[in-house]
Amino acid sequence: MKNKVFNWLKTKKDDPVCDASYKVRLVEGIFEPAESADVLLSLLNYKIKFHSVQLLNLQENDGKNLEQSEKRIEELKLAKKKVTDLVLDARNDGLVLDIQSTITITPKPREETP
């Protein structure tokens, strides 16, 4: 971690790419079903809200990429339904949930960004 931070600090602002990627352990551990619901549904609800706001902004501005944003919102809503079902099943069966989630962040030049 120290080397990555040091490399980041010494990277010039005008450098187009920083070679280092960074991993964040966002969620890790064993959770009761109610705790799992709090963590996972909060994340999914936030992402749905984020994409909904983006969709509204796209509609107001240029109207491009509406289909992509709508598709992402539907994917997230489906994931929310599946997570809800999984949590309810775990609760009903007296189980706990092992959740592991890591986010990898890698800087890239703008022309490679979709």
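Buried here means under 20% relative accessible area. The model shown in these views is predicted.

**View 1. Helix 2 and its buried residues.**
Helix 2 buries Pro-33, Ser-36, Ala-37, Leu-41, Leu-44, Ile-48, His-51, Leu-55 and Leu-58. These residues pack against strand 1, helix 3 and strand 2. Helix 2 has 28 residues, which should span 40 Å at 1.5 Å a residue. The end C-alpha atoms of helix 2 are 40 Å apart, so the span agrees.

**View 2. Helix 3 and its cover.**
Helix 3 also has 28 residues. From first C-alpha to last, helix 3 reaches 41 Å, close to the 40 Å expected at 1.5 Å a residue. Ser-69, Ile-73, Leu-76, Val-83, Val-87 and Ala-90 are buried in this helix. The cover over the buried residues of helix 3 includes helix 2 and strand 2. Just after helix 3 comes Gly-94, with a positive phi of about 70 degrees.

**View 3. The largest nonpolar core.**
This core has 14 residues. Leu-41, Leu-44, Val-83, Val-87, Leu-97 and Ile-99 have the most contacts inside it. In soluble globular proteins, nonpolar side chains tend to be buried together.

**View 4. Ser-36 and Ile-99 in contact.**
Ser-36 lies in helix 2. Its relative accessible area is 0%, under the 20% cut-off, so Ser-36 counts as buried. Leaving out residues up to four places away in sequence, Ser-36 touches Phe-31, Leu-41, Val-87, Leu-97 and Ile-99. With such sequence neighbours again left out, Ile-99 touches Val-27, Glu-28, Gly-29, Phe-31, Ser-36 and Leu-40.

**View 5. A nonpolar patch on the surface.**
Tyr-22, Leu-26, Leu-43, Ile-103 and Ile-105 form this patch. Together they have about 410 Å² of accessible area. Strand 1 supplies at least two of the patch residues, and so does strand 2. Leu-26 belongs to strand 1. The relative accessible area of Leu-26 is 40%, which makes this residue partly exposed.

**View 6. The salt bridge of Arg-25 and Glu-28.**
The model has three salt bridges. In the one shown here, Arg-25 pairs with Glu-28, and the closest N and O atoms are 3.1 Å apart. Arg-25 is exposed, at 62% relative accessible area. Glu-28 is partly exposed, at 45%. Side chains of opposite charge can pair when their charged atoms come close.

Arg-72 and Glu-75 form a salt bridge, with the closest N and O atoms 3.2 Å apart. The two residues are three places apart in helix 3, so about one helical turn separates them. Glu-75 is partly exposed at 36% relative accessibility. Arg-72 is partly exposed too, at 33% relative accessible area.

Lys-81 and Asp-85 form another salt bridge in the model. Their closest N and O atoms are 2.9 Å apart. Both residues lie in helix 3, four residues apart, about one turn of the helix. Asp-85 has a relative accessible area of 31% and is partly exposed. Lys-81, at 48% relative accessibility, also counts as partly exposed. An α-helix has 3.6 residues a turn, so residues three or four places apart point the same way.

**View 7. Lys-71 and His-51.**
Lys-71 is in helix 3. With a relative accessible area of 55%, Lys-71 is exposed. His-51, by contrast, is one of the buried residues of helix 2. Lys-71 and His-51 are 20 residues apart in sequence. In space, their C-alpha atoms are 10.0 Å apart.

Terms used
Residues are numbered from 1 along each chain as its sequence is written. This is a predicted model: local features need pLDDT of at least 70, side-chain atom pairs count only at pLDDT 80 or more; totals for chains, interfaces and linings use all residues. Side-chain values use heavy atoms; hydrogens and water are left out. A nonpolar core is a set of buried Ala, Val, Leu, Ile, Met, Phe, Trp, Tyr and Cys residues joined through side-chain atoms within 4.5 Å. Buried means under 20% relative accessible area, exposed over 50%, partly exposed in between (1.4 Å probe, protein chains only). Contact means heavy atoms within 4.5 Å. Patches are made of residues with over 30% relative accessible area and no salt bridge: like charges are joined within 9 Å, nonpolar side chains (Val, Leu, Ile, Met, Phe, Trp, Tyr) within 5 Å. Accessible areas come from the Shrake-Rupley method with a 1.4 Å probe; for residues, only the protein chains shown count as cover. A salt bridge is a side-chain nitrogen of Lys or Arg within 4 Å of a carboxyl oxygen of Asp or Glu. The expected span of a helix is 1.5 Å times one less than its number of residues.
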